[in-house]
Amino acid sequence: MRNFDYLEPATVAEACALLKQHAGEAKVFAGGSHLTILMKQGLYQPKALVNIKKISELKGIQFDAKEGLAIGALVTHREIEISALVKEQFPVLCEAEKEVANIRVRNMGTVGGNLASGEPLTDLAQIFISLDGQAKITGPNGPRTIPIEELFVDFYTTSLAEDEIITQVVIPPLPPRSGIEYIRFSSSSVVDKPSAGVAVRLTLASSGETIQTARIVLGCVGATPVRARKAEALIAGKILTLQLAEEAGSIAAQECSPSSDLRGSEQYKRAIVRTLVKRAAAKAYERAASS
Ligand SMILES: Cc1cc2nc3c(=O)[nH]c(=O)nc-3n(C[C@H](O)[C@H](O)[C@H](O)COP(=O)(O)OP(=O)(O)OC[C@H]3O[C@@H](n4cnc5c(N)ncnc54)[C@H](O)[C@@H]3O)c2cc1C
């Protein structure tokens, strides 16, 4: 590794000012689980690291019945996994976190880093997008809020400016008659990043049977997480049957762009997506109908 300046701002404003001052040559450092590896490999050689770990306004998880769940950017995977508040409001997140990496990475890795890395083989973005989650971002010109879907641009590329910081993820309260399921598949028997991860959230109409809103989000099968909008359109306005769930899976499998790699061939990954969408839709529907 090359030498670098190590900076420890106490506030978000200070951190943004430092990033601006070192324009293009500084990197935010949170848990370091992603960044350290890339620095050791020489892929990133920042002249300065802006460690945000001491910024208290980036910590904590809160729930407000109107605003929803607010997760600070510095909240770790492990904190989500064991949070009673998250378990009560969005148990799907606690369940998903149990499968993320290993306990060491879960203790270090943060929500902000997970999203800001733009790494395609991750889990949280799919779930957040299916729940219409928003990212709160602050830069030298002040705060802005965007749908999490709009963060992702390409492999390891986000829409964040170099001097911006993700401060919080906000998930609005789940509408009545909603159900969500997330299923990830890892092709390896050892702890590994997923080959595919599918989140499905369904909200039923007041009749209790027809799907009013459908979110089908595919992860790890392309440069960015992607909403399978054609599959969503297919099931919206209908009662979910096994055949319809299967059709949605087949359509969704064509709405992603997996590449062949160590985690499976393109065809294999499309087959996984087909199956995961079918299973996740059936489970989400069951949950919505019984909520
Ligand atoms: C062995 C291994 C297995 C893994 N398995 C999984 C898995 O199964 N599922 C999964 O989802 N993830 C997995 N990951 C990825 C892991 O989730 C991320 O590495 C972690 O969440 C990143 O958080 P961090 O705080 O360590 O980020 P850092 O390494 O500190 O930073 C990552 C990137 O984000 C930027 N950044 C960090 N925080 C912010 C912020 N608040 N605002 C703006 N930019 C910011 C940094 O500048 C850097 O570019 C795995 C990682 C490893 C090493």
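In the predicted model, Arg184 is buried, with a relative accessibility of 10%. Its side chain forms a salt bridge with that of Asp123, with an N to O distance of 2.8 Å. Arg184 belongs to strand S11 (residues 178–185), whereas Asp123 sits in the loop between H7 and helix H8 (124–130), so this pair ties together parts that lie 61 residues apart in sequence. Asp123 likewise counts as buried, at 4% relative accessibility. Because the cut-off for burial is under 20% relative accessible area, the values of 10% for Arg184 and 4% for Asp123 both fall in the buried class.

Both members of this pair also take part in the surroundings of the ligand. A polar side-chain atom of Arg184 is placed 2.9 Å from a ligand oxygen atom, and Asp123 is listed among the closest residues to the ligand, together with Val28, Gly31, Ser33 and Thr110. The shell comprises 32 residues in total. Two further polar atoms lie 2.9 Å from an oxygen atom of the ligand: one belongs to the side chain of Asn114, and the other to the backbone of His34. The ligand taken alone exposes 970 Å², of which the protein buries 92%.

Several elements of secondary structure contribute two or more residues to this shell, namely strand S2 (26–29), helix H2 (35–40), helix H7 (111–116) and strand S10 (165–171). Helix H7 provides the largest share, with 4 residues. Sorted by class, the residues around the ligand comprise 15 nonpolar, 12 polar and 5 charged ones.

Side chains of opposite charge can pair when their charged atoms come close. The structure holds 19 salt bridges, one of which is the Arg184–Asp123 pair described above. Another is formed by Asp132 and Arg201, whose closest N and O atoms are 2.9 Å apart. This pair also links distant parts of the chain, with Asp132 in the loop between H8 and strand S6 (134–139) and Arg201 in strand S12 (residues 196–204), a separation of 69 residues. Asp132 is partly exposed, at 30% relative accessibility, whereas Arg201 is buried, with a relative accessible area of 4%. Salt bridges with shared partners additionally join Glu149, Arg227, Arg229 and Glu232 into one network.

A local arrangement is provided by Arg78 and Glu81, which form a salt bridge with their closest N and O atoms 3.1 Å apart. Both residues lie in helix H3 (residues 77–82), where they are 3 residues apart, or about one turn of the helix. Arg78 is partly exposed, with a relative accessible area of 27%, while Glu81 is buried, at 13%.

A disulfide is a covalent bond between the sulfur atoms of two cysteines. A search of the whole structure returned 0 disulfides. Cys256 is accordingly in no disulfide, and the nearest cysteine sulfur, belonging to Cys220, is 11 Å away. Cys256 counts as buried, at 5% relative accessibility. Cys16 is also buried, with a relative accessible area of 1%.

How values were computed: Residues are numbered from 1 along each chain as its sequence is written. This is a predicted model: local features need pLDDT of at least 70, side-chain atom pairs count only at pLDDT 80 or more; totals for chains, interfaces and linings use all residues. Side-chain values use heavy atoms; hydrogens and water are left out. A residue is near a molecule or strand if one of its heavy atoms lies within 4 Å of it. A polar contact is a pair of N or O atoms within 3.5 Å; within protein, one must be able to donate a hydrogen and the other to accept it, and residues adjacent in sequence count only if both atoms are side-chain atoms. Accessible areas come from the Shrake-Rupley method with a 1.4 Å probe; for residues, only the protein chains shown count as cover. Ala, Val, Leu, Ile, Met, Phe, Trp, Tyr, Cys and Pro count as nonpolar, Asp, Glu, Lys and Arg as charged, and the others, Gly among them, as polar. A salt bridge is a side-chain nitrogen of Lys or Arg within 4 Å of a carboxyl oxygen of Asp or Glu. Buried means under 20% relative accessible area, exposed over 50%, partly exposed in between (1.4 Å probe, protein chains only). A disulfide is a pair of cysteine sulfur atoms within 2.5 Å.
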